[in-house]
Amino acid sequence: MTKISIQIFTLFLMIVILGSCQSDNVKPTRQLQGELAGGETTVFISNSQAFGTPAPNLSEANLEKHLEGDQAFEAIFVSSPAPKQGGLGPVFNNTSCIACHPSDGRASVPANVNSLSGFFFRISIPGEGANGGPNPVPGFGTQMQHQALFGYQPEALMTREYEYFTEILSDGTEIELQKPIYGIKDPYIALPADVQISPRIGMPVFGLGLLQAIKEDDILAHADENDSDGDGISGKPNYVWDAVSQSVQLGRFGWKAGTSNILAQAAGAYSDDMGLTTPIHPVEASYGQSNGDPDAISPEVSQEELDAVTFYCLTLGVPAARNINDQDVVQGRKIFDQLACNQCHTPSYTTGLVEGLPEISEQTIYPYTDMLLHDMGEGLADNRNEFKANGQEWKTRPLWGIGLTNVTSGHTTFLHDGRARNITEAILWHGGEAQASTDGFKALNTTDREKLLQFLNSL
């Protein structure tokens, strides 16, 4: 993309954004606490572009870099030889970043579990792998690729069935929950009998730069691994091997905080999701397998492309909270705190200094996460370890933007495998350390429950 075309595209984008802001998207002259969810990176857009808009405080140079990264994020890879975006596979899960993070948001649950989507299996066998990570399955690695190029065989296919049960709330409302049962079929070679399966679905990518910029000490200040205060909540940091720095770092990203920074996350996605080599992962993910490519070129994705995608994810804006002065929303926030939801979904932080990115530095943000691991109970367990995370532990997901999921992504499915079809179901699946909060939610009267949901949908 030439500099002139980027400038034209930038002008067009700004016209579209400004045009859409003439009605309900106009930035208020007076902000309320929590409204600027992303600090100065906050965007006042509540339509389908709410998750995919550049931070409005980007300098001209950084906006140009962001737009170049946008192009890389949406690039579709194909099999080699190809003049551009070659190297896909030979086994893979999807063909682009945007395919797993549509509109920069949450992937939907596919009706056909083996179709191209943002859904996949992480796998491993008992024991500890290199650098303390999951133990790879021989011939499969730590992620199962269910797609393959012509002439190759997928590693295996996924199966999914549902069991259903009903939760009854205090006002008599009946909520049907669906429990997915997963399996693997048609592996290209025999699988070990003790293979561990962890279903995962693509999550939103906006605000990642701000989360990366939270000071480590501020995250660790909320940790209470041994529950020394006796409140039943014991947030635990994950410490993971960082392929970028070749050292152990605090985990921040992924469903179990299994990666420490966005560059490592992006490089891992190119390798595991698309079967592409990068300077960070120069060896094909399927190297040495009978369904792998013995002649893979390295790198198929350059450091420049990798950096562009990383910069894009670092500099997306965060949608503003909405209706936060509405009295029902205000009451809903109080109920949220009374149920101790804020003990894990920590409302606010101030980011640290980020070299070269003043736009995300020293910003007061409202992500509603403590970035720590929590035991969520047997109901949500995948029984698969990931560095310090055990089989029942998951990282607290940020809540910012949750109320815009339907308008941006066209669905309201939540949790690591999309089993919850709305926010109410997602809450009811919370067990373990969150069981008392879930019980409190079930005991709410109809009016208070609706106020709590209004608050969550305002974020």
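Me: Buried means under 20% relative accessible area, exposed means over 50%, and partly exposed is in between (1.4 Å probe, protein chains only). So is A257 buried or exposed?

Reply: A257 is buried, because its relative accessible area is 0%. Two ground rules first. This is a predicted model, where local features need pLDDT of at least 70 and side-chain atom pairs count only at pLDDT 80 or more, while totals for chains, interfaces and linings use all residues. Residues are numbered from 1 along each chain as its sequence is written, and side-chain values use heavy atoms, with hydrogens and water left out.

Me: Where does A257 lie?

Reply: In the loop between β11 and α6. Helices (H or I, at least four residues) and strands (E, at least two) are DSSP runs, numbered from the N terminus. A257 is not a glycine, yet has a positive phi of about 55°. Most residues other than glycine have a negative phi, and most peptide bonds are trans.

Me: What phi does E362 have?

Reply: A positive one, about 50°, and E362 is not a glycine either. E362 is in the loop between β13 (349-350) and β14. It counts as exposed because its relative accessible area is 56%.

Me: Peptide bonds, then. Which residues does a cis bond join, with omega about 0°?

Reply: S80 and P81. P81 lies in the loop between α2 and β2 (91-92). Another cis bond joins G89 and P90, with omega about 15°. P90 is in the loop between α2 and β2 as well.

Me: Which residues of α2 are buried?

Reply: N62, L63, H66, L67, G69, D70, A72 and F73. An α-helix has 3.6 residues a turn, so residues three or four places apart point the same way.

Me: And α6? How many of its 11 residues are buried?

Reply: 8 of them, so α6 (residues 262-272) is largely enclosed by the rest of the structure. Among the buried ones are I262, L263, Y270 and S271.

Me: What covers the buried residues of α6?

Reply: The cover includes α2, α3, α4 (208-213), β10 and α7 (303-314). That rests on contact, meaning heavy atoms within 4.5 Å.

Me: Which residue caps the N-terminal end of α6?

Reply: N261. A side-chain oxygen of N261 lies 3.3 Å from the backbone nitrogen of L263. A polar contact is a pair of N or O atoms within 3.5 Å; within protein, one must be able to donate a hydrogen and the other to accept it, and residues adjacent in sequence count only if both atoms are side-chain atoms.

Me: T42 next. Which backbone oxygen does its side chain reach?

Reply: That of G39, at 2.7 Å. A polar side-chain atom of T42 also lies 2.9 Å from the backbone nitrogen of G38. T42 is in strand β1 (residues 42-43). It counts as buried because its relative accessibility is 6%.

Me: Which strand pairs with β10 over 4 bridges?

Reply: Strand β11 (residues 247-250), and β10 (residues 239-242) runs antiparallel to it. Two strands pair if DSSP finds at least two bridges between them. W241 has V248 in β11 as its bridge partner. The hairpin has 4 residues between the strands, and Q246 takes a positive phi near 55° there.

Me: Aromatics. How many pairs are in the whole structure?

Reply: 13. In the pair of Y368 and F455, the ring centres are 6.0 Å apart and the planes are at 70°, so the pair is edge-to-face. Y368 lies in the loop between β14 (364-365) and β15 (373-375), and F455 lies in helix α12 (residues 446-458), so the pair ties together parts 87 residues apart in sequence. Rings of Phe, Tyr and Trp (its six-membered ring) pair if their centres lie within 6.5 Å; planes under 30 degrees apart count as stacked, over 60 as edge-to-face, and the rest as tilted.

Me: Are Y368 and F455 buried or exposed?

Reply: Both are buried. Elsewhere, ring pairs link F51, F206 and W400 into a cluster.

Me: Which residue has its charged end over the ring of W255?

Reply: R397, at 5.3 Å from the ring centre. K256 lies over the face of W394, at 4.6 Å from the ring centre. The test is NZ of Lys or CZ of Arg within 6 Å of the ring centre and within 35 degrees of the ring normal.
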